[in-house]
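Subject: The model we talked about

Hi,

Here is the structure I promised to pass on. Have a look at it first, and then read my notes below with the structure open beside you.

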Amino acid sequence: MSSCKWKLSDLTKKNLSLQCSVPQNTPNEMHYLGCSHGYLIFTYEEHCLLIDAYTGAKVGTNSWSEHPLYLERERICQVVSFKGHILVIDALMRLHTIQLTPQFSMNRIEVSWWSLQKFPICPLLVVCGDMLLLVNLSIAKIGSTRNFGEPSVRYFEVFRLDLSVKPAKWIQMKKLENLVLFLSLDRRNPAFSCMNPERWGGKSNCIYVARLFDDANPDETWTVLEVGQSVPSHDIVDPMPYGMGFPPDYSLIGSFWLFPSLVYGVGQ
(Lines give C-alpha, C1' and ligand atoms only; values in the text may rest on other atoms or scores of the structure.)
Protein backbone atom coordinates (compact mmCIF):
# COMPACT_ATOMS: atom_id res chain seq x y z
CA MET A 1 0.00 0.00 0.00
CA SER A 2 2.89 2.39 0.58
CA SER A 3 3.43 2.59 -3.19
CA CYS A 4 -0.24 2.54 -4.18
CA LYS A 5 -1.11 5.39 -6.55
CA TRP A 6 -4.07 6.20 -8.76
CA LYS A 7 -5.04 8.65 -11.45
CA LEU A 8 -8.41 10.38 -11.77
CA SER A 9 -9.59 11.32 -15.24
CA ASP A 10 -12.55 13.48 -16.23
CA LEU A 11 -14.87 11.99 -18.82
CA THR A 12 -15.79 15.39 -20.26
CA LYS A 13 -12.26 16.86 -20.10
CA LYS A 14 -9.85 14.20 -21.30
CA ASN A 15 -6.83 16.47 -20.88
CA LEU A 16 -7.63 17.01 -17.20
CA SER A 17 -6.37 14.48 -14.64
CA LEU A 18 -5.37 14.24 -10.99
CA GLN A 19 -2.90 11.84 -9.38
CA CYS A 20 -3.13 10.74 -5.76
CA SER A 21 -1.57 8.20 -3.41
CA VAL A 22 -2.17 6.87 0.08
CA PRO A 23 -0.40 8.44 3.10
CA GLN A 24 3.05 7.04 3.84
CA ASN A 25 2.07 5.65 7.24
CA THR A 26 -0.63 3.41 5.78
CA PRO A 27 -0.24 -0.32 6.64
CA ASN A 28 1.26 -2.29 3.77
CA GLU A 29 -0.86 -5.43 4.04
CA MET A 30 -4.41 -4.37 3.28
CA HIS A 31 -7.33 -5.74 1.27
CA TYR A 32 -9.52 -3.64 -0.99
CA LEU A 33 -13.25 -4.09 -0.32
CA GLY A 34 -14.80 -1.53 -2.65
CA CYS A 35 -15.67 2.11 -3.19
CA SER A 36 -18.57 4.19 -1.87
CA HIS A 37 -19.40 7.91 -2.08
CA GLY A 38 -15.89 8.84 -3.19
CA TYR A 39 -14.04 6.76 -0.59
CA LEU A 40 -11.86 3.70 -1.11
CA ILE A 41 -12.57 1.06 1.52
CA PHE A 42 -9.75 -1.14 2.81
CA THR A 43 -9.51 -3.65 5.63
CA TYR A 44 -6.59 -4.94 7.67
CA GLU A 45 -6.83 -7.33 10.60
CA GLU A 46 -10.16 -6.29 12.19
CA HIS A 47 -10.03 -2.64 11.15
CA CYS A 48 -11.60 -0.70 8.29
CA LEU A 49 -9.88 2.22 6.60
CA LEU A 50 -11.51 4.83 4.37
CA ILE A 51 -9.36 6.87 1.98
CA ASP A 52 -10.60 9.96 0.16
CA ALA A 53 -10.11 9.14 -3.52
CA TYR A 54 -9.63 12.82 -4.40
CA THR A 55 -6.98 13.69 -1.81
CA GLY A 56 -5.55 10.38 -0.61
CA ALA A 57 -6.28 11.39 2.99
CA LYS A 58 -7.30 8.78 5.54
CA VAL A 59 -10.66 9.24 7.19
CA GLY A 60 -10.67 8.12 10.86
CA THR A 61 -13.92 7.31 12.60
CA ASN A 62 -15.03 5.51 15.75
CA SER A 63 -18.68 5.37 14.78
CA TRP A 64 -18.62 1.91 13.19
CA SER A 65 -21.36 -0.45 14.32
CA GLU A 66 -20.89 -4.21 14.13
CA HIS A 67 -23.56 -6.52 12.72
CA PRO A 68 -22.98 -10.28 12.94
CA LEU A 69 -23.33 -11.85 9.50
CA TYR A 70 -24.96 -15.27 9.55
CA LEU A 71 -24.72 -16.94 6.17
CA GLU A 72 -25.14 -20.56 5.15
CA ARG A 73 -23.87 -21.30 1.62
CA GLU A 74 -24.43 -17.79 0.28
CA ARG A 75 -21.40 -15.79 -0.84
CA ILE A 76 -22.33 -12.17 -1.52
CA CYS A 77 -20.87 -10.82 -4.77
CA GLN A 78 -22.56 -7.41 -5.11
CA VAL A 79 -24.58 -5.04 -2.92
CA VAL A 80 -26.93 -2.29 -4.17
CA SER A 81 -29.43 0.08 -2.60
CA PHE A 82 -32.79 -0.03 -4.38
CA LYS A 83 -35.97 1.78 -3.33
CA GLY A 84 -34.84 2.04 0.28
CA HIS A 85 -33.82 -1.63 0.50
CA ILE A 86 -30.43 -3.35 0.45
CA LEU A 87 -30.27 -5.99 -2.26
CA VAL A 88 -27.46 -8.48 -2.78
CA ILE A 89 -26.68 -11.09 -5.41
CA ASP A 90 -24.74 -14.18 -4.42
CA ALA A 91 -22.33 -16.45 -6.27
CA LEU A 92 -25.22 -18.65 -7.44
CA MET A 93 -26.96 -15.62 -8.99
CA ARG A 94 -29.68 -15.61 -6.31
CA LEU A 95 -31.16 -12.27 -5.29
CA HIS A 96 -31.75 -11.42 -1.62
CA THR A 97 -32.84 -8.50 0.54
CA ILE A 98 -30.89 -7.95 3.74
CA GLN A 99 -31.76 -6.07 6.91
CA LEU A 100 -29.15 -4.98 9.45
CA THR A 101 -31.32 -3.72 12.29
CA PRO A 102 -32.59 -4.61 14.81
CA GLN A 103 -30.78 -7.82 13.84
CA PHE A 104 -29.32 -9.21 10.65
CA SER A 105 -31.76 -11.03 8.37
CA MET A 106 -31.56 -12.19 4.78
CA ASN A 107 -34.56 -13.05 2.61
CA ARG A 108 -34.41 -14.54 -0.85
CA ILE A 109 -36.38 -12.97 -3.71
CA GLU A 110 -37.84 -15.63 -5.96
CA VAL A 111 -36.69 -14.84 -9.49
CA SER A 112 -37.31 -16.81 -12.67
CA TRP A 113 -34.30 -17.05 -14.97
CA TRP A 114 -36.18 -18.76 -17.80
CA SER A 115 -36.63 -15.44 -19.61
CA LEU A 116 -32.86 -15.31 -20.16
CA GLN A 117 -31.69 -17.28 -23.17
CA LYS A 118 -28.51 -18.23 -21.36
CA PHE A 119 -27.38 -18.21 -17.74
CA PRO A 120 -25.33 -15.04 -17.04
CA ILE A 121 -21.61 -15.50 -16.54
CA CYS A 122 -20.76 -12.32 -14.65
CA PRO A 123 -23.97 -10.34 -13.99
CA LEU A 124 -23.74 -6.77 -12.74
CA LEU A 125 -26.62 -5.04 -10.96
CA VAL A 126 -27.27 -1.39 -11.85
CA VAL A 127 -29.89 0.78 -10.16
CA CYS A 128 -31.54 3.12 -12.64
CA GLY A 129 -34.21 5.21 -10.92
CA ASP A 130 -37.14 2.89 -10.21
CA MET A 131 -35.62 0.08 -12.29
CA LEU A 132 -33.17 -2.61 -11.23
CA LEU A 133 -31.08 -3.66 -14.22
CA LEU A 134 -28.83 -6.64 -14.79
CA VAL A 135 -25.96 -6.26 -17.27
CA ASN A 136 -24.17 -9.31 -18.59
CA LEU A 137 -21.21 -9.73 -20.93
CA SER A 138 -22.52 -12.46 -23.24
CA ILE A 139 -20.74 -14.70 -25.71
CA ALA A 140 -22.36 -16.16 -28.83
CA LYS A 141 -21.01 -18.39 -31.60
CA ILE A 142 -20.99 -16.94 -35.11
CA GLY A 143 -21.60 -20.21 -36.94
CA SER A 144 -24.58 -22.54 -36.81
CA THR A 145 -22.70 -25.32 -34.99
CA ARG A 146 -21.31 -25.37 -31.45
CA ASN A 147 -17.89 -26.74 -32.27
CA PHE A 148 -15.07 -25.79 -29.91
CA GLY A 149 -12.83 -23.13 -31.42
CA GLU A 150 -15.55 -21.71 -33.62
CA PRO A 151 -15.46 -17.88 -33.89
CA SER A 152 -17.59 -16.04 -31.35
CA VAL A 153 -18.73 -12.52 -30.59
CA ARG A 154 -19.00 -10.75 -27.25
CA TYR A 155 -21.60 -8.16 -26.41
CA PHE A 156 -23.41 -6.60 -23.44
CA GLU A 157 -27.03 -7.51 -22.73
CA VAL A 158 -29.32 -5.57 -20.38
CA PHE A 159 -32.33 -6.94 -18.47
CA ARG A 160 -34.90 -5.24 -16.22
CA LEU A 161 -36.33 -6.94 -13.13
CA ASP A 162 -40.13 -7.16 -13.24
CA LEU A 163 -41.36 -7.36 -9.64
CA SER A 164 -45.05 -7.10 -10.59
CA VAL A 165 -45.23 -10.86 -11.12
CA LYS A 166 -44.38 -13.79 -8.85
CA PRO A 167 -41.85 -15.11 -9.21
CA ALA A 168 -40.15 -11.95 -10.45
CA LYS A 169 -38.51 -12.25 -13.86
CA TRP A 170 -35.82 -10.56 -15.93
CA ILE A 171 -37.05 -8.84 -19.10
CA GLN A 172 -34.53 -8.05 -21.83
CA MET A 173 -34.11 -4.42 -22.87
CA LYS A 174 -33.08 -4.09 -26.50
CA LYS A 175 -32.36 -0.38 -25.99
CA LEU A 176 -31.64 1.97 -23.11
CA GLU A 177 -33.28 4.88 -24.95
CA ASN A 178 -31.96 8.11 -23.34
CA LEU A 179 -29.98 6.31 -20.63
CA VAL A 180 -26.33 5.35 -20.25
CA LEU A 181 -24.71 2.98 -17.76
CA PHE A 182 -21.29 3.26 -16.12
CA LEU A 183 -19.72 0.05 -14.84
CA SER A 184 -16.59 -2.04 -14.46
CA LEU A 185 -16.23 -5.83 -14.42
CA ASP A 186 -15.24 -5.66 -10.75
CA ARG A 187 -18.50 -6.07 -8.81
CA ARG A 188 -17.01 -4.63 -5.63
CA ASN A 189 -17.38 -1.19 -7.17
CA PRO A 190 -20.64 0.69 -7.74
CA ALA A 191 -22.26 1.07 -11.13
CA PHE A 192 -24.15 4.22 -12.15
CA SER A 193 -26.80 5.34 -14.59
CA CYS A 194 -27.41 8.72 -16.20
CA MET A 195 -30.21 10.26 -18.29
CA ASN A 196 -29.75 12.49 -21.32
CA PRO A 197 -25.93 12.15 -21.60
CA GLU A 198 -25.88 14.46 -24.62
CA ARG A 199 -25.89 17.33 -22.11
CA TRP A 200 -22.20 16.65 -21.37
CA GLY A 201 -21.23 15.26 -24.76
CA GLY A 202 -22.11 11.63 -24.10
CA LYS A 203 -24.18 9.20 -26.15
CA SER A 204 -27.48 7.59 -25.19
CA ASN A 205 -28.15 3.84 -25.29
CA CYS A 206 -24.53 3.12 -24.39
CA ILE A 207 -22.53 1.37 -21.70
CA TYR A 208 -19.34 3.08 -20.52
CA VAL A 209 -17.01 0.35 -19.27
CA ALA A 210 -13.95 1.26 -17.25
CA ARG A 211 -10.73 -0.29 -18.57
CA LEU A 212 -12.32 -3.18 -20.44
CA PHE A 213 -9.23 -4.40 -22.30
CA ASP A 214 -5.89 -5.68 -21.03
CA ASP A 215 -4.07 -5.09 -24.31
CA ALA A 216 -5.48 -1.66 -25.20
CA ASN A 217 -3.70 1.69 -25.17
CA PRO A 218 -2.93 2.60 -21.52
CA ASP A 219 -4.42 6.04 -22.14
CA GLU A 220 -7.77 4.52 -23.13
CA THR A 221 -9.26 4.25 -19.66
CA TRP A 222 -12.80 3.46 -20.78
CA THR A 223 -14.72 1.89 -23.67
CA VAL A 224 -18.11 3.01 -25.00
CA LEU A 225 -20.41 0.36 -26.47
CA GLU A 226 -24.04 0.38 -27.53
CA VAL A 227 -26.30 -2.30 -26.08
CA GLY A 228 -25.84 -5.43 -28.20
CA GLN A 229 -22.83 -4.01 -30.06
CA SER A 230 -20.02 -6.47 -30.69
CA VAL A 231 -17.05 -5.96 -28.36
CA PRO A 232 -13.76 -5.37 -30.24
CA SER A 233 -11.42 -8.36 -30.43
CA HIS A 234 -9.06 -7.39 -27.61
CA ASP A 235 -8.15 -9.31 -24.45
CA ILE A 236 -10.86 -8.45 -21.96
CA VAL A 237 -9.91 -7.82 -18.34
CA ASP A 238 -10.44 -11.08 -16.50
CA PRO A 239 -13.24 -10.72 -13.90
CA MET A 240 -12.21 -13.93 -12.13
CA PRO A 241 -9.79 -12.34 -9.62
CA TYR A 242 -12.45 -9.83 -8.58
CA GLY A 243 -14.81 -12.25 -6.87
CA MET A 244 -15.61 -14.95 -9.46
CA GLY A 245 -12.62 -16.96 -8.33
CA PHE A 246 -12.49 -18.79 -5.03
CA PRO A 247 -11.10 -17.58 -2.79
CA PRO A 248 -11.34 -14.06 -4.27
CA ASP A 249 -8.15 -12.01 -4.46
CA TYR A 250 -8.92 -8.78 -2.62
CA SER A 251 -5.40 -7.43 -3.09
CA LEU A 252 -6.14 -6.57 -6.74
CA ILE A 253 -7.65 -3.25 -7.78
CA GLY A 254 -8.70 -2.49 -11.33
CA SER A 255 -10.09 0.62 -13.00
CA PHE A 256 -13.59 1.73 -12.16
CA TRP A 257 -15.96 4.69 -12.03
CA LEU A 258 -15.75 6.92 -9.00
CA PHE A 259 -18.69 9.07 -10.05
CA PRO A 260 -20.44 9.17 -13.46
CA SER A 261 -17.97 11.77 -14.73
CA LEU A 262 -14.77 10.22 -13.34
CA VAL A 263 -12.85 6.99 -13.79
CA TYR A 264 -9.49 6.11 -12.33
CA GLY A 265 -7.06 3.24 -12.35
CA VAL A 266 -4.84 2.05 -9.54
CA GLY A 267 -1.37 0.74 -10.22
CA GLN A 268 1.56 -0.40 -8.15
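Predicted model: local features only at pLDDT ≥ 70, side-chain atom pairs only at ≥ 80, totals over all residues.

**The antiparallel sheet**

Let's begin with the sheet made of β3, β4, β5 and β6. These 4 strands are arranged in that order as an open sheet, and the pairing is antiparallel. The edge strands are β3 (31-36) and β6, each of which pairs on one side only.

Going through it strand by strand, β3 and β4 are held in the antiparallel sense by 5 bridges. If you want a spot to look at there, find H31, which stands opposite T43 in β4.

Next comes β4 (residues 39-44) with β5 (residues 47-52): they run antiparallel and are joined by 6 bridges. F42 has L49 in β5 as its bridge partner. The two strands form a hairpin with 2 residues between them, and E45 in that turn has a positive phi of about 50°.

Then β5 goes on to β6 (residues 58-59), again antiparallel, with 2 bridges. Here I51 stands opposite K58 in β6. β5 and β6 also make a hairpin, this one with 5 residues between the strands, and G56 takes a positive phi near 80° in it.

**The mixed sheet**

Further along there is another open sheet of 4 strands, in the order β17-β16-β18-β19, and its pairing is mixed.

V180 has C206 in β18 as its bridge partner.

**The loop between β17 and β18**

N196 is found in the loop between β17 and β18, and its phi is near 50°, a positive value in a residue other than glycine. N205 lies in that loop too, with a positive phi near 60°.

Buried or exposed, where does N205 fall? N205 is buried, because its relative accessible area is 13% and the cut-off for buried is under 20%. N196, at 34% relative accessibility, counts as partly exposed. The C-alpha atom of N196 is also 5.3 Å from that of N178, although these residues are 18 apart along the chain.

**Cysteines**

How many turn up in a search of the whole structure? The search finds 0. C194 is in no disulfide, and the nearest cysteine sulfur, that of C128, is 9.3 Å away; the cut-off for a disulfide is 2.5 Å between the sulfurs. C194 counts as buried, with 14% relative accessibility, whereas C48 is partly exposed, with a relative accessible area of 39%.

**Around β14**

Last stop: D162, which lies in strand β14 (residues 152-162). D162 is buried yet has no salt bridge, and the nearest side chain of opposite charge, R160, is 4.7 Å away. For comparison, the cut-off for a salt bridge is 4 Å. What the side chain of D162 does have is a polar contact with the side chain of S164, at 2.5 Å.

P167 sits in the loop between β14 and β15 (168-173).

Cheers

Conventions: Residues numbered from 1 in each chain as written. Heavy atoms only, no water. Pairing = 2+ DSSP bridges. Buried < 20%, exposed > 50% of the residue type's maximum accessible area, 1.4 Å probe, protein only. Lys, Arg positive; Asp, Glu negative; His and termini not counted. Polar contact = N/O pair within 3.5 Å; in protein donor to acceptor, adjacent residues only side chain to side chain.
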